[in-house]
Amino acid sequence: MASVVAVHSDLTAPTNVVRRVMAKHPELFLIVIGLSLTIISRYGSSSFLFSLRPKPITVPPKPPKKFFPNNSPVYDFFNGELDPVVRLLAKEELIFLMYYAPWCSRSMATRWEFHKAAKHMQGQVKFVAVNCWWPDGQCRKRYKFLMFPVLFVYHTHLDGFRYLGEMAAEHMVTFVEDLTYPITAFHSHDQVKAFVARHDSAVVGYFDLNASPQPPGYQQFYFASMRMLEQDPYNQIKFCIFPGKSLAESYNLTQSNDVMLLRVANSTLKYPREFNLTSSQLVTWSLQHRQKPMVRSLAPLGVKSLILSKEMAQGPAVIAFYALNPLFDTNQPYHVMKDLALQYHSCEEIHNLEDAISHWRSQVRSAQVQYHQVVEFCANYRKQRNVGLYDFKCCVSLASKTLEEMSSKAHNVCEYCVHRPRQMGPGCSSLDIDPQVEEWTMLHTNFCRNSIENYNVNEYHSLCCQWCGDDTASIVPVLQSDFLPMSFRSGKRRVTDRYVWQEIENKPKRLCKRLTLQKLQGHVPYENSYNFEESLPVNFTGLGCRSNRTVNFYAMDAVRHSVFAERLGVDVSTLPQNPAVVIFDKENEEQYLLKENFTAKNVASFILNFTRGHAGRSLRSLTYAPSTCDKTETSVCVVEVSSNTFHTVVMDPHKDVLLFVYASWCGFCANINHVYLSLAKYFQSAQSIVFARLNGDTNDLPWEFTVESFPAIIFFPANRKANSAVFPDTIPVTMPNLIRFVLQHSTQSLRVETALGVCSKACIQKNREYAVNARYSLQQKQSRLRLRLSMINAEWDHLSTTARMFRYISRRHIHSVLQQTRRNLLVVDQLQQFLQSSNGVYIENSKLRQFMSEHKLLQELDLNAS
């Protein structure tokens, strides 16, 4: 039996058993280890051992799919490869690249705008899209973008130009075209002045274009003009050159590769020759010394940034919200703001602004006329081109011998072209000129004509003639001379120059395609043009130089950034056709809204009144719930208050009002919202208190009622609104604390209503007993007062004059207290009778309740819920 017990004791200690076996039979232990290693090596990768492991919970990603439609002109590399992009860039001069993530909502929204831009510029610029989220793609392995989509424009061997503009097709097209033509050439002083008046700052360079292979420094100047567009696509510093030496010398540009910064309201600044003329340094120098834009365009990127904060911190801001149209210069509200800004800063200290104002107004007038010409031309152009566009043509230049004999310097030059479809080929070898055409070349000048020969719809002929001796003559009247290059209009180039003809044919097409894109994007030009003859208020011109409270002018797209307009109190339903103007003063935390119609005179008066302190502050008032509700015994009523209804509801002198100020984004407000509703239910029987709430994020209040943080609970007592109290931040927002806070600051009637409204059966019984005790105490007090009064009356005849005076004062006091005691006894008797007849939870007796609320005795009674 002892051995059996010993065995059972060893089984409870497995470690001792293993030690004994290893000591007696060490070969068994080696065999076990060998078998274990054999099983692991043979079946280590088998499903048997893996079945013992936990199954993976991740699913392998699905293979990527094409992000853009099949008919899209965008090259979509949805597998994230980059090698085809590099090969494409080696062939193309310019490509527009979009890095996207297929799951990203912003990428999905930008996809269609990118597609429309690619379709608009098809045949000019290649649009490429790369899936930079696919883990196995080259893009994901090389780049680590923090957000999507990311857009770049790559130009030959240069680094990419980051696009930071609006994700809209019209803005993308404008950005690409500006990169394609970043430099403007000028031939006169008027062109330069108009250019500076338009862009506020311009970098001008003089380069000897006759140098071979190219002027020194011109390449870096060209790169800098492109890099500048990347810095700020809305407030650009434009680059231009002077091809002529005489014009350059008039601006003190005497040597080739001299560069100067022209500023509209400041002196010119020459680029130091000791600085290296590199693109990066030229961009840095230009941004450092640029003229502050007269009207700065604000375009937040939609991510966290300090763009608005930095601008608003510079002083009061006049912000104009209008519909921005980047395709055509039809932004009439911007024209108004720019003209007002120029006049606002025009004073004796700045002499050149008057000249800038005249050039600016001239540009606005010409832009209005040119836009109407484009609309009229495109309507006729589409009708004339119904036969179709032909890819191949063959042209022959014809000169009138008769006119050549008449003048050696001036002659008539015509160009005769045959246009044929692609499948038929150019057919230049079989070009036969009609004899009648040769007669027209001698008789007609400055005209164009298209005709279909022999009723062949697959072929049409065109003839254009120009009198080359007349510099002011237009070669193609139907194309409108304003659309042609300045060098061609001035007679600097020959009619047969293929670059001129390419510009003549392509520019009208581009303008008409812009009109189509404008209609597709929903841009409607403003009907009312700016009237420069409208008289402005007195003393507005030069106001910025005479006032210490100067304002800065800004412009924002009301379509893309309507949320900012709404936050400043603008009725966004009237946008974009009705522009809005807001003055925002960050220092004083105020905003002022122009309530009159948008005109130059009204805006100027608005700014003038703000400067003088006569403008009235605008209060936002937005609410999405009714401002009244019916209170019942079984429902909770919380009134939704706005800025417009604040004085009507909260400042009602006959009501106690508890106001809950919250914000929709405030998490703490949501946490205490149910507590506030429970509090309203607790006081639902009280008719003299109103529970209200106000969205302080969308409704502005006068400064005396503005809260510093959310949430905030404020009590406004009846007849004492000036004695309002704020629930302390140091006390937890709980039901007992809120009830105590309300009762502490409320009127007597509210306390009585609350006490009677929440009094239960036990509460009624307790107060019955208390009323009996109170009546007994008052009767005892009355007896003592009567006894004291009788003693004074008995001693009256034996008192001296001085003692009588003291006794008289004491007797009057006893009479007053005795009278008050009688009244209190009457109230207690009535309360006792009421409590004796009440057995319900809710006591309904409005007359008695109103009567009892007039007596201060009830403050001593224990009328609280037990």
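**Exercise 1. Which residue does a disulfide join to Cys132?**

Solution. First, some ground rules: this is a predicted model, where local features need pLDDT of at least 70, side-chain atom pairs count only at pLDDT 80 or more, and totals for chains, interfaces and linings use all residues. Residues are numbered from 1 along each chain as its sequence is written, and side-chain values use heavy atoms, with hydrogens and water left out.

Next, the test: a disulfide is a pair of cysteine sulfur atoms within 2.5 Å. Cys132 pairs with Cys139, at an S to S distance of 1.9 Å. The torsion about their S-S bond is about -90 degrees, so this disulfide is left-handed.

**Exercise 2. Work out which parts of the chain the link of Cys347 and Cys545 ties together.**

Solution. Start with the sulfurs: S to S is 2.1 Å. Then place the residues, taking helices as DSSP runs of H or I with at least four residues, strands as runs of E with at least two, both numbered from the N terminus. Cys347 sits in the loop between helix 14 (332-344) and helix 15 (353-384), and Cys545 in helix 20 (residues 543-546), so the pair ties together parts 198 residues apart in sequence.

**Exercise 3. Cys378 or Cys512: find how buried each one is.**

Solution. Recall the cut-offs: buried is under 20% relative accessible area, exposed over 50%, partly exposed in between (1.4 Å probe, protein chains only). Cys378 comes out at 0%, so buried. Cys512 has 6%, so buried too. Finally, the sulfur atoms of Cys378 and Cys512 are 2.2 Å apart, forming a disulfide.
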